[in-house]
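Here is a short walk through the model below. Keep the viewer open and follow along, residue by residue.

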2 protein chains.
Amino acid sequence: MAKKDHVSVRDALRIGKGTERHDPGTFPVGPHKKPKALKDLLDSGGRLAKLQEALYAEGVGGGNRSLLLVLQGMDTSGKGGTVGHVLGLVNPMGVRYAGFKKPTATERRHHYLWRIRKQLPVPGQIGVFDRSHYEDVLVPRVQKLVPAAEWRKRYAEINAFEQELADAGTTVVKVFLDISPEEQLRRLKARLETPAKRWKYNPADLDARAQWNDYQQAYADIFTKTSTTTAPWYAVPADHKWYRNWLVARLLIETIEEMGPKFPQADFDPETELKKLEGVGVPG
Amino acid sequence: MAKKDHVSVRDALRIGKGTERHDPGTFPVGPHKKPKALKDLLDSGGRLAKLQEALYAEGVGGGNRSLLLVLQGMDTSGKGGTVGHVLGLVNPMGVRYAGFKKPTATERRHHYLWRIRKQLPVPGQIGVFDRSHYEDVLVPRVQKLVPAAEWRKRYAEINAFEQELADAGTTVVKVFLDISPEEQLRRLKARLETPAKRWKYNPADLDARAQWNDYQQAYADIFTKTSTTTAPWYAVPADHKWYRNWLVARLLIETIEEMGPKFPQADFDPETELKKLEGVGVPG
């Protein structure tokens, strides 16, 4: 276990009503040099893996707690890369990933939380939402798909939903991967210019980029309305991938350390079992 | 991409009617020294991650192919460790893990394949079954829970099911993690003696150990009846964890290389998109 860190990344990145986001290219907390951050992420890997194992074990032992990481951000902000580099540090047994794309015809016939509820983590798991129910207060608003009264009432519904999750034992960590429009331009260019990256490009990304300011306004309202004590939002400066990975790993570590998952107590006597084990012997 | 290897791990480990398993403590193929195997596994990691990305990309592009890794083995044979060390090498976005424990009351009211079908990988994914439908020709047989005629007809059902998966684009890789009873004794002892490992121990493990030979016979019949050309079984000597991890990584690499996943063709013109991208400019 690495030594206790004294800087709280959660405190540094938490946002909500009236708080300003840090610039996407800055380093408000932690290492601001790549080699240090990469080494640190490797060390964090062991720590995060141990914490995840304890959470998983607690779940096996009958505990009800789980963690849900919600990842939001503009196209190319690095949601998939974060999953690979940060969640890739822990045993996939304990991770449940769900990506939410444009709703299907079936999904549209249901309440927007219907498809979300089907992908929630079970006790012991770390759930990861790559996009989430927050798309339902982003896309319909910016693209004017539903009346304003309709998407406006969703903030309260979402807060109630997340409170319900908390009451059931799920700690929700909401991360906004914050990139600058300049960095998005570089990444979209790279996707178009590199054949092996071209599959990640979607011509519709340009429509969303053209509405950049509308999306930023919609995000600002999300942070104002839904960054609650129960489920706060963290804005991660994400222009530097290595820094983004370090921050998200630390957000998870701080959160699970606060949860303090416990290995379950044995409901058997180890000494008795050891004697029985000797008695079973080796067959064949 | 690492250089092409000439030894086929699949050929070395494939089992079925009339073939002998290698001893669980031996090294029939590949490295037989731990440092070499660990270094090699790290190299394999990059290779496996690239292949997985191509499979995932193919799925995003509309392809229908996926991979399903079925892990079976006696208690402590290392199913969870294999998931952590081998599947942990690829992006969790593309991995769908499902563990199958003792069926619940609801599951028992359905056909035994009902719960299995709900966890199949979707196109582009690597699915991992930690135990599987093969439990249904193991436990009911050894514990005499259903008549012999009942579990005997399941072999043909399972072969038909796996053929159906293959027809739908899913390549099934079935791995038996083969440990010796002596190694199981050591691992069960370690679970009892190490407080942080105790949560993995279940007193019922001793009952299964007492029936070791019955389970081995049931496995032998599984290999005889269900190691098909479509979905062959591989017996992985698993007394050495580092060797087991190396072998399973190589089984996956060889399998996905043979599948040859292709990055999808762009359904847009990159040059046109680059021009449009410049036109959108930088907002704000």
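Let's start with Lys39(A), which sits in helix H2 of chain A, residues 34-60. Helices here are DSSP runs of H or I with at least four residues, strands are runs of E with at least two, and both are numbered from the N terminus. Because its relative accessibility is 53%, Lys39(A) counts as exposed. The cut-offs are under 20% relative accessible area for buried, over 50% for exposed and partly exposed in between, with a 1.4 Å probe and protein chains only. Lys39(A) and Pro264(A) are 225 residues apart in sequence, and their C-alpha atoms lie 32 Å apart in space.

A word on ground rules: this is a predicted model, so local features need pLDDT of at least 70 and side-chain atom pairs count only at pLDDT 80 or more, while totals for chains, interfaces and linings use all residues. Residues are numbered from 1 along each chain as its sequence is written, chains are lettered from A and ligands numbered from 1 in the order in which they are written, and side-chain values use heavy atoms, with hydrogens and water left out.

## Chain A as a whole

Chain A has 13 helices and six strands. Its radius of gyration is 21 Å, close to the 19 Å that the globule rule gives for 284 residues, so chain A is as compact as a globular protein of that length. That radius is taken over C-alpha atoms, and the rule is 2.2 Å times the number of residues to the power 0.38. Along the principal axes, the C-alpha trace of chain A spans about 70 × 45 × 45 Å.

How much of chain A counts as buried? The figure is 51% of its 284 residues.

## Gly94 and its neighbours

Gly94(A) is in the loop between H3 and strand S3 (95-99) of chain A. With 0% relative accessibility, Gly94(A) counts as buried. Leaving aside residues up to four places away in sequence, Gly94(A) touches Gln52(A), Tyr56(A), Gly124(A), Gln125(A) and Ile126(A). Val236(A) is 142 residues from Gly94(A) along the chain, with 24 Å between their C-alpha atoms.

## Two positive phi angles

Most residues other than glycine have a negative phi. Thr76(A) isn't a glycine, yet has a positive phi of about 70 degrees. Look for Thr76(A) in the loop between strand S2 (66-73) and helix H3 (79-85) of chain A; at 6% relative accessibility, Thr76(A) counts as buried.

Over in chain B, Arg131(B) also has a positive phi of about 70 degrees without being a glycine. The loop that holds Arg131(B) runs between strand S4 (126-130) and helix H6 (139-142) of chain B. Arg131(B) counts as buried, at 19% relative accessibility.

## Where the chains meet

The contact between the chains takes 48 residues from chain A and 48 residues from chain B. About 4,400 Å² is buried between them, with carbon and sulfur atoms giving 75%. Buried area is the accessible area (1.4 Å probe) that two parts lose on being put together, summed over both. Met93(A), Trp199(A) and Leu277(A) supply 16% of the area that chain A buries against chain B, more than any other three residues.

How values were computed:
Contact means heavy atoms within 4.5 Å.
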